[in-house]
Amino acid sequence: MDAVDRETFDRLVDDGLERVPQALLDMLDNVVIVTEDEHPDEPDLLGLYEGIPLTERDFYAGALPDRISIYRLPLCAMCETREELVEEVAITVVHEIAHHFGIDDDRLHEWGWA
């Protein structure tokens, strides 16, 4: 499908965040979620968590925020319909938030978030 514009994509990411239980969103600690066109080195990457997962934090005072990036162009390219894009964006958002909590891809797949 043709890529949606940035504003539309940002709304889709917001919609994906609404699918995450509020209790989990309240537990996000020092993390920012951004949208970008694509990863500069890996253009097929859908999303990326950069930071120290909560399960690995020991002394953490003064650290820069963790960063979750959701990539517009590869997500749009992999989808044929808007409905598919909505679902893939939500899955990507959940995946990257899960990494913030120290949950790996294997566990996510076991839970049905493939």
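## Close-up views of a predicted model

**View 1. Asp-66 and the residues it touches.** Leaving aside residues up to four places away in sequence, Asp-66 touches Asn-30, Val-31, Val-32, Tyr-49, Glu-50, Gly-51, Ile-52, Arg-57, Tyr-60 and His-100. The model shown here, and in the views below, is predicted. Asp-66 belongs to strand β3. Is Asp-66 buried or exposed? Asp-66 counts as buried because its relative accessible area is 2%, and the cut-off for buried is under 20%.

**View 2. The side chains of Asp-66 and His-100.** These two side chains make a polar contact. The distance is 3.4 Å. His-100 is also among the residues that Asp-66 touches.

**View 3. Strands β2 and β3 side by side.** The two strands pair in the antiparallel sense. How many bridges join β2 and β3? There are four. Glu-50 has Arg-67 of β3 as its bridge partner. Strand β2 covers residues 47–50. Gly-47 and Tyr-49 form its covered face. Leu-48 and Glu-50 form the uncovered one.

**View 4. Helix α1 and its N-terminal cap.** Helix α1 runs through residues 6–18, which makes 13 residues. From first C-alpha to last, α1 reaches 18 Å, close to the 18 Å expected at 1.5 Å a residue. Which residue caps the N-terminal end of α1? Asp-5 does: one of its side-chain oxygens lies 3.1 Å from the backbone nitrogen of Glu-7.

**View 5. The buried residues of α1.** Thr-8, Phe-9, Leu-12, Val-13, Gly-16 and Leu-17 are buried in this helix. The buried residues of α1 pack against helices α2 (22–27), α3 (72–78) and α4 (82–100). They also pack against strands β1 (31–36) and β3 (66–71).

Technical notes
Residues numbered from 1 in each chain as written. Predicted model: local features only at pLDDT ≥ 70, side-chain atom pairs only at ≥ 80, totals over all residues. Heavy atoms only, no water. Expected span 1.5 Å × (residues − 1). Buried < 20%, exposed > 50% of the residue type's maximum accessible area, 1.4 Å probe, protein only. Contact = heavy atoms within 4.5 Å. Polar contact = N/O pair within 3.5 Å; in protein donor to acceptor, adjacent residues only side chain to side chain. Pairing = 2+ DSSP bridges.
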